[in-house]
Number of protein chains: 2
Amino acid sequence: MFTQIKAYYKSLVPGLQEEGWNKLQERFTIQQLKKGELLVRNGEICRQVSFINKGLVRLFYLVDGKEISTGFVAENEYVSEYESFLTTQPSSGNIDALEDCELVNLSYNDMQAMYQLNPVFEIFGRKIAEILFIMISSQTTRLLTMTPEERYQSVIQNHPFIIQRVPQYMIASFIGITPEHLSRLKKRGYLRPFEPQTYKTHRR
Amino acid sequence: MFTQIKAYYKSLVPGLQEEGWNKLQERFTIQQLKKGELLVRNGEICRQVSFINKGLVRLFYLVDGKEISTGFVAENEYVSEYESFLTTQPSSGNIDALEDCELVNLSYNDMQAMYQLNPVFEIFGRKIAEILFIMISSQTTRLLTMTPEERYQSVIQNHPFIIQRVPQYMIASFIGITPEHLSRLKKRGYLRPFEPQTYKTHRR
DNA sequence: GCCCCTCATTGATAAATATCAATAAAATTT
DNA sequence: AAATTTTATTGATATTTATCAATGAGGGGC
């Protein structure tokens, strides 16, 4: 149940001791989220970070009644409406499940308690913030420095799982264009279509 | 010389002890940066974070020979090509000085050493990463959910110093449009021009 | 004062992108 | 398999934004 998240923590801090891990583990709670359900609703404070054991979620905003997707997170990553979580202010965005999910939640209060208990957990908080920073920062850079075509290519190269598992109209808003326009860009042929990798068994 | 940065650290971690502060302070180095000079050059690894005592810097990318500004940082904030700093990989962006600057630098190695010395410094690393995350994250949200007009208004409201101290053509690329277009948007009048605040002396 | 130099504006035009409406295709449910 | 829902494509058109070229305005140094 916690094997994936344990591996994740160990990869962040190889020196994590069993005792510390056990203390942490006690505070985890498992949450099942059905496809279509909301994990975070705009206006509410996001009070946990969620490690995704299984499934796929989406971060999005509601603007003029339209959904604008700003991120996708799948297995073995942390997701949160992190700004709301950090500031304990109401979230302006939403998170919903694009697939049935199993989440390992850690609440804000428990996280603070862990910081108090042992400063080694500060390392996790720092590393998670750093990882999230790098992700979001490259997203901003893409939006400012690339054309929509290039941004789509970049999604194909850097996050192929998105192409495979997320509807195209959500990807369109993620790269900052309309679904119709993305459809036409693909048709133009400047964008080679995504080809699922076929791995041949390696024999000798 | 370190009064501003000390206040900054204290605001992040009120419980910082004098002894810890002194250890940290020993590792700071002061750097003067003249207007126009580069703090970080694309292709080089960014090896420090810089607290700005005085002045104003800009983060930007070179794309097709054109500069695209992605951020502006002024006094009493930290600046770094943070992705490069964290990953010790060559930076794809640049940082230059828009005004003469005085910086308080802390190198990557010294920062790691401080983490080792006392885990309390992990808190700074975490908080700085969190602050940077919130900044960049709201920038991404703006780019995806707002029109250029709204983004400009948002800059006026949230970062008025940018309007006052940064050339308009740099702001244009920051909000994702051309200088000509920004000029026209302002002319259209949908955007009230920025009015510097006039504070009347308060008498009784 | 005048001269640079940088920056901002304006005009004409082209290109990119959005919108709206319809249809087609794909996936899911019954 | 049929029906229903969701998602993707296509066409016609409008809007937004970029590009290129020229002009204008302002500030700092001499």
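1. β3(B) and β6(B), the latter covering residues 78–79, run antiparallel and are joined by two bridges. Across this pairing, Phe51(B) faces Tyr78(B) of β6(B). Strands here are DSSP runs of type E with at least two residues, helices are runs of H or I with at least four, and both are numbered from the N terminus. A pair of strands needs at least two DSSP bridges between them.

2. A housekeeping note: residues count from 1 along each chain as its sequence is written, while chains are lettered from A and ligands numbered from 1 in the order in which they are written. Because the model is predicted, local features need pLDDT of at least 70 and side-chain atom pairs count only at pLDDT 80 or more, whereas totals for chains, interfaces and linings use all residues.

3. β3(B) has another partner to look at. Six bridges link β3(B) with β8(B), residues 101–107, again in the antiparallel sense, and Val49(B) has Leu106(B) as its bridge partner there. How many of the seven residues of β3(B) are buried? Five are, so the strand (residues 48–54) is mostly covered. Buried means 20 or more other C-beta atoms within 10 Å of the residue's own, exposed means 12 or fewer, and partly exposed lies in between, with C-beta atoms placed from the backbone.

4. Chain B also holds an open, antiparallel sheet of four strands in the order β2-β7-β4-β5. Its edges are β2(B) (38–40) and β5(B) (66–74), each pairing on one side only. From one strand to the next, the twist averages 30°. Within the sheet, β4(B) (residues 56–63) and β7(B) (residues 94–97) share four bridges, and Arg58(B) sits opposite Asp96(B).

5. Now for the contact between the chains, to which chain A and chain B bring 27 residues each. Contact here means C-beta atoms, placed from the backbone, within 7 Å. On the chain A side, β4 (56–63), β5 (66–74), α3 (82–87) and α5 (120–145) each supply at least two residues, and α5(A) has the largest share, 18 residues. That side has 15 nonpolar, eight polar and four charged residues. Nonpolar covers Ala, Val, Leu, Ile, Met, Phe, Trp, Tyr, Cys and Pro, charged covers Asp, Glu, Lys and Arg, and the others, Gly among them, are polar.

6. α5(A) lies across β4 and β5 of chain B, at about 140° to β5(B). Such angles run from 0 to 180 degrees between N-to-C directions, with axes fitted as lines to C-alpha atoms, for helices over the stretch in contact.

7. How are the two copies related? Chain A can be laid on chain B by a turn of 180° and a shift of 0.0 Å along the axis, with an RMSD of 0.0 Å; that is the relation of a two-fold axis. The superposition is by least squares on C-alpha atoms of residues with pLDDT of at least 70 in both copies. Arg126(A) is the residue of chain A closest to the axis, its C-alpha at 1.9 Å.

8. Finally, the DNA. For DNA strand C, α9(B) gives the most, with six residues.

Technical notes
Two residues are in contact if their C-beta atoms, placed from the backbone, lie within 7 Å.
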